[in-house]
Number of protein chains: 2
Amino acid sequence: MLIKEMTQAECNDFLSRASFGRLGCSLNDQPYVVPIYLAYEDGYVYALSTRGQKIEWMRKNPQVCVQIDEIAGDTQWVSLIATGRYQELPEPQYKDEHDHARKLLEKRHRWWRTAMAERQLKSDDQLIEPLIFRIHTESMTGLRASDETSDFEAKKS
Amino acid sequence: MLIKEMTQAECNDFLSRASFGRLGCSLNDQPYVVPIYLAYEDGYVYALSTRGQKIEWMRKNPQVCVQIDEIAGDTQWVSLIATGRYQELPEPQYKDEHDHARKLLEKRHRWWRTAMAERQLKSDDQLIEPLIFRIHTESMTGLRASDETSDFEAKKS
């Protein structure tokens, strides 16, 4: 197995294709990790969430990370971590960004639009609207493992 | 879609069957998330890692979390988060715990034993031995989503 560090271009490409990952936030140095649906474009990871602990925490501490992996097998995988800052996109201040994020997410997650529409029809008491936010990425690092033999090992054998 | 909170017994059962998850650690309130192979037994998540940033961080701040999910579809998934404290298991002090952890992990990850053996044969310069650690779990919460209709919705229709 050969493990290689990914270049920034490779990280960018991998993140651009991702639609699902894990979001890590932290409060008083207690980390907290949840799965999220996401979309990446031009330095921003866009995501949506219902309200809850992670939103409360990110409002207090906007330093977050996003981890994405693609695991084809024990020796064939990619894992990327991006760190950045949480920012909510409330309307009307961020109407353009909010609409853009929503479009990006809907393109990847048609199920979500349907699910929300159903939920809105079914729920008598309250409209459950997920919160849209973005993460301004500050750093990205990625590792790619493959079955290839390294040059060093190839020369030895 | 119906989302239910899992009981402690359900969390325990789900975690006991897991062999892979994401580990969240934090330093100066900057979270960091990585994929890990793991095994759970009697209040401890056992895991192994090569040395690196996460080990350095957990030595400085042992408050960590482990997130595990099983996603069968957009409306059928389980997600669990356990928080706890990081503890290394160096030999000889923790020989029994170390051996036990190794056995638990090897039972789930035969590939790992093979991969490590190969690596030891191939590497001239340094024996790469992964570090074994455990996390003493302090809390566990889980959510399970299913296509079932809730009692409330069933009564309405």
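## A tour of the two chains

Start with chain A: 31% of its 157 residues count as buried. Keep in mind that this is a predicted model.

**Stop one: the fold of chain A.** Color chain A by secondary structure. Five helices and seven strands make it up. Trace the chain from the N terminus, and the elements come in the order β-α-β-β-β-α-β-β-α-α-β-α. Now turn to the contacts within chain A. Among those with a separation of 6 or more, 69% join residues 24 or more positions apart.

**Stop two: where the chains meet.** Show chain B as well. Here 27 residues of chain B are in contact with 27 residues of chain A. Which elements of chain B each supply at least two residues to the side that touches chain A? Select strand S2 (20-27), strand S3 (30-41), strand S5 (63-73), strand S6 (76-88) and helix H4 (110-122) of chain B. Then pick out S3(B), which gives the most to this side, with six residues. Color the side of chain B that touches chain A by residue type: 12 of its residues are nonpolar, nine polar and six charged.

**Stop three: the axis.** Superpose chain B on chain A. A rotation of 180° does it, with 0.0 Å of shift along the axis and an RMSD of 0.0 Å. The two copies are therefore related as by a two-fold rotation axis. Both copies use the same surface, since 100% of the contact residues of chain B recur in chain A.

**Last stop: B:Asp29.** Which residue of chain B comes closest to the rotation axis? Select B:Asp29, whose C-alpha is at 2.4 Å from the axis.

Definitions and conventions: Residues are numbered from 1 along each chain as its sequence is written. Chains are lettered from A and ligands numbered from 1 in the order in which they are written. This is a predicted model: local features need pLDDT of at least 70, side-chain atom pairs count only at pLDDT 80 or more; totals for chains, interfaces and linings use all residues. Helices (H or I, at least four residues) and strands (E, at least two) are DSSP runs, numbered from the N terminus. A residue is buried if 20 or more other C-beta atoms lie within 10 Å of its own, exposed if 12 or fewer, and partly exposed in between; C-beta atoms are placed from the backbone. Two residues are in contact if their C-beta atoms, placed from the backbone, lie within 7 Å. Ala, Val, Leu, Ile, Met, Phe, Trp, Tyr, Cys and Pro count as nonpolar, Asp, Glu, Lys and Arg as charged, and the others, Gly among them, as polar. Copies are superposed by least squares on the C-alpha atoms of residues with pLDDT of at least 70 in both.
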